[in-house]
Amino acid sequence: MNKKETIETQAEELLRPVLDSLGLELYDVEYVKEAGNYYLRAYIDKEGGVTIDDCEAVSRAYSPKLDEKNFIDDAYTLEVSSPGLGRPLRRERDFEKSVGKEIEIHTYKAVDGNKIFFGTLTAYDRTTVTIREENGNERTFGRQDLSMIRLAFDF
């Protein structure tokens, strides 16, 4: 594992008991460097969505545990938030929960002249994702060809 993966794994292990005690679930943890600053981001979720109070409760309980373990050498900012409406699908459970829902797919290279596709997630496995487009056609993509997969949302 590289440094980023190691930090994310340790941060996730430390976060799970906090979330369990608050009745929340973990969506994702990421450790990133943006504009010269490091961020440890914890994305949390629950049925019906999370509130700012949920994020605050997690932050207040989690931050002292991070300080105590002190496994991140860099100065960083902790952010706790919801994954949002257009949440990316990353893990097996994300796909599982999203079958039958509208998703947005971005490809690295154009397919039939397009790089963005919308449709209902009908199937997935470790190597492919299948959607039913609005016209009723099914389209299967190799996961290695996808730059992003997320829930679609309309305003």
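This passage walks through a predicted model of one protein chain, from its overall build to a few individual residues. Local features are described only where pLDDT is at least 70, and side-chain atom pairs only at pLDDT 80 or more, while totals for chains, interfaces and linings use all residues. Residues are numbered from 1 along each chain as its sequence is written, and side-chain values use heavy atoms, with hydrogens and water left out.

To start with the overall build, the chain has 3 helices and 8 strands. Helices (H or I, at least four residues) and strands (E, at least two) are DSSP runs, numbered from the N terminus. Read from that end, the order is α-β-β-α-β-α-β-β-β-β-β. Along the principal axes, the C-alpha atoms fill a box of roughly 55 × 35 × 30 Å. Contact here means heavy atoms within 4.5 Å; of the contacts between residues at least 6 apart in sequence, 51% link residues at least 24 apart.

As for the surface, 37% of the 155 residues count as buried. Buried stands for under 20% relative accessible area, exposed for over 50%, and partly exposed for anything in between (1.4 Å probe, protein chains only). The accessible surface comes to about 9400 Å², and carbon and sulfur atoms account for 46% of it. These areas come from the Shrake-Rupley method with a 1.4 Å probe; for residues, only the protein chains shown count as cover. On the charge side, there are 22 positive and 31 negative side chains, with the centres of the two sets 2 Å apart. Lys and Arg count as positive and Asp and Glu as negative, leaving out His and the chain ends; each charge is placed at NZ of Lys, CZ of Arg, CG of Asp or CD of Glu.

With a relative accessible area of 11%, Arg 41 is buried. Its side chain makes a polar contact with the side chain of Glu 34 at 2.9 Å. A polar contact is a pair of N or O atoms within 3.5 Å; within protein, one must be able to donate a hydrogen and the other to accept it, and residues adjacent in sequence count only if both atoms are side-chain atoms. Beyond four places in sequence, Arg 41 also touches others, including Asp 28, Val 29 and Glu 79.

Tyr 39 sits in strand S2 too, and at 17% relative accessibility Tyr 39 counts as buried. Setting aside neighbours within four places, its contacts include Tyr 31, Tyr 76 and Thr 77.

Rings of Phe, Tyr and Trp (its six-membered ring) pair if their centres lie within 6.5 Å; planes under 30 degrees apart count as stacked, over 60 as edge-to-face and the rest as tilted. By this rule there are 3 aromatic pairs. One of them is the stacked pair of Tyr 31 and Tyr 38, at 5.3 Å centre to centre and 10° between the planes. Tyr 31 is buried at 4%, whereas Tyr 38 is partly exposed at 22%.

Finally, the loops. Most residues other than glycine have a negative phi. Ala 35, in the loop between strand S1 (25-34) and S2, has a positive phi near 50° and is exposed at 83%. Asp 112, in the loop between strand S4 (102-111) and strand S5 (114-124), also has a positive phi near 50°, and Asp 112 is exposed at 63%.
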